[in-house]
Amino acid sequence: MLKKVLRWFLVSLGYLLYTTGVIIILLWLLFPAGTVKTWLQGELHKVNPLLVWEIKDMEAAFPLRLRMTDISIHSKNDMKSPLVEVAELQLAPDMKELVKLKKNIPVAYRMKTLDGSVKGKLLVPENLTTLQCSGDLKDIEIGRLEGFWQKVSRTGSGKLSGTFTYNGLLRKPFRGELEADITVTDGKVDLVQKTFGLDIMEFKTMNTTVSAKDRIVNVKDGKMESRLFSADFEGVMSLSDNLFTSGLKVKGSVEPRPELLGRLDNDVAITFIKSQLRDDKLSFAISGSLLEPGILFKGTSGVIDGIIEGGSR
C-alpha cells in the first residue's frame, strides 16, 4: 500500500513539474516583447526626463534570458548624436540567489558596448524604487562616447577597465552611492588650453579610485603615466542635473620628463620651468565646469601659467 501511495505521489509530482515547465516555456515563447519594450523605455525616461532611451529589438531567449540590441541614449535636446550606444544587453535571473526567496530579484547581466563589455549583477526590488548593482568593465572605448565629446567640443580616446558597485534610488541616480576603481590605457584627450606646447595630452595609463554620494564625486589616488610626464591628482566634482555644467575642483602635481621639456623651443622658458620645480614637480589646480575647465600651474614663485601655457613665451 505504501509503495502504491509513494508511486502515485512521484508520478503526480512528475506531471506537475512537467506541466509547470510547459507553461513556463509557452509563456516565454509568447513573451510580449513590444509591450515590455515600450514600458521599459517609458520607465527609463522617468528616471531622467533629460534623456531619451531607444531600444531597437527585444526578445526572450533560453534559458530564461532577455536580450536587447541596439540601445541608444540621447540627450532630449539632441537626438542626432547618442551619448551612449549599447550593442547588446542580456539579462537573466540569478538562480542561485533566486532560490533564497529574498524580496529583491537578483539578475545577472552582460553588456556589449563601446567596443568593450560590462558584466555583473543587479538587484531589482518589488517596488522598483531602488537599484543595487555591481560589475566589471573591460576595454570600454571612451572615444566612442561621441555625444559627450561633441558637447564638450573636444575629442578623446582610451580603453577603460575596472570594477564598480552602486546603490541608490532608481529615479534619482545622482544621489546614489558609487564605488569604483578604474584604469584607462592608451589615452588621448584634446587640451582646452595649450600646455607645455601641447595641444593633445597622451598617456599610457591612468588609475584612480572614485566614490560618489549625494551628487558629490570624490576622486582619490589618481596617477597618470606618460612618455612625457607623470602626474598625481585628486579632486571633487559636484554633479548638476546637466552633467556638463557639473563643477570641478582638482589638484595635483606633474613631473615633466626631459622628453617634454625637450619639445620646447625656448631655452629661457626651459630654464625658468626647471627653476620652478619643487622635488622635480609642479603643482596644478583645475577648476570650473566639465564643459569649461581651467588649469593653473604653480611653481616656487607662485602662479606661472604664462610660461606653461604656450611653452615658448
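Q: Is Lys223 buried, partly exposed or exposed, and what is its relative accessibility?
A: Buried means under 20% relative accessible area, exposed means over 50%, and partly exposed is in between (1.4 Å probe, protein chains only). At 46% relative accessibility, Lys223 counts as partly exposed. Before we go on, please note that this is a predicted model, where local features need pLDDT of at least 70, side-chain atom pairs count only at pLDDT 80 or more, and totals for chains, interfaces and linings use all residues. Residues are numbered from 1 along each chain as its sequence is written, and side-chain values use heavy atoms, with hydrogens and water left out.

Q: Which residue forms a salt bridge with Lys223?
A: A salt bridge is a side-chain nitrogen of Lys or Arg within 4 Å of a carboxyl oxygen of Asp or Glu. Here the partner of Lys223 is Asp232, with the closest N and O atoms 3.4 Å apart. Asp232 is partly exposed, at a relative accessible area of 28%.

Q: How many salt bridges are there by this rule?
A: The count comes to 7. One of them joins Arg144 and Glu85, whose closest N and O atoms are 3.9 Å apart. Arg144 sits in the loop between β6 (130–141) and α4 (146–151) while Glu85 is in strand β3 (residues 84–93), so this pair ties together parts that are 59 residues apart in sequence. Arg144 is partly exposed at 31%, and Glu85 is partly exposed at 34%. Glu85 and Arg144 also belong to a network of salt bridges with Asp115.

Q: What do the labels for helices and strands stand for?
A: They are DSSP runs, numbered from the N terminus: helices are H or I with at least four residues, and strands are E with at least two. This protein has 7 helices and 15 strands.

Q: Where is Thr205, and which residues does Thr205 touch?
A: Thr205 is placed in strand β9 (residues 198–213). Contact means heavy atoms within 4.5 Å. Leaving out residues up to four places away in sequence, Thr205 touches Val184, Thr185, Lys223, Met224 and Glu225. Thr205 and Val184 are 21 residues apart along the chain, yet their C-alpha atoms are separated by 5.6 Å. With 28% relative accessibility, Thr205 counts as partly exposed.

Q: How many residues does the largest nonpolar core have?
A: A nonpolar core is a set of buried Ala, Val, Leu, Ile, Met, Phe, Trp, Tyr and Cys residues joined through side-chain atoms within 4.5 Å. The largest one here has 56 residues, and those with the most contacts inside it include Met224 and Phe297. Strand β9 gives the most to this core, with 5 residues. Across the protein, buried residues make up 34% of the 313 residues.

Q: What describes a pair of aromatic rings?
A: A pair is described by the distance of the centres and the angle of the planes. Rings of Phe, Tyr and Trp (its six-membered ring) pair if their centres lie within 6.5 Å; planes under 30 degrees apart count as stacked, over 60 as edge-to-face and the rest as tilted. The whole structure holds 4 aromatic pairs. Phe148 and Trp149 form an edge-to-face pair, 5.1 Å centre to centre with 80 degrees between the planes. The centres of the Phe284 and Phe297 rings are 6.2 Å apart and their planes lie at 55 degrees, so that pair is tilted. Both Phe284 and Phe297 are buried.
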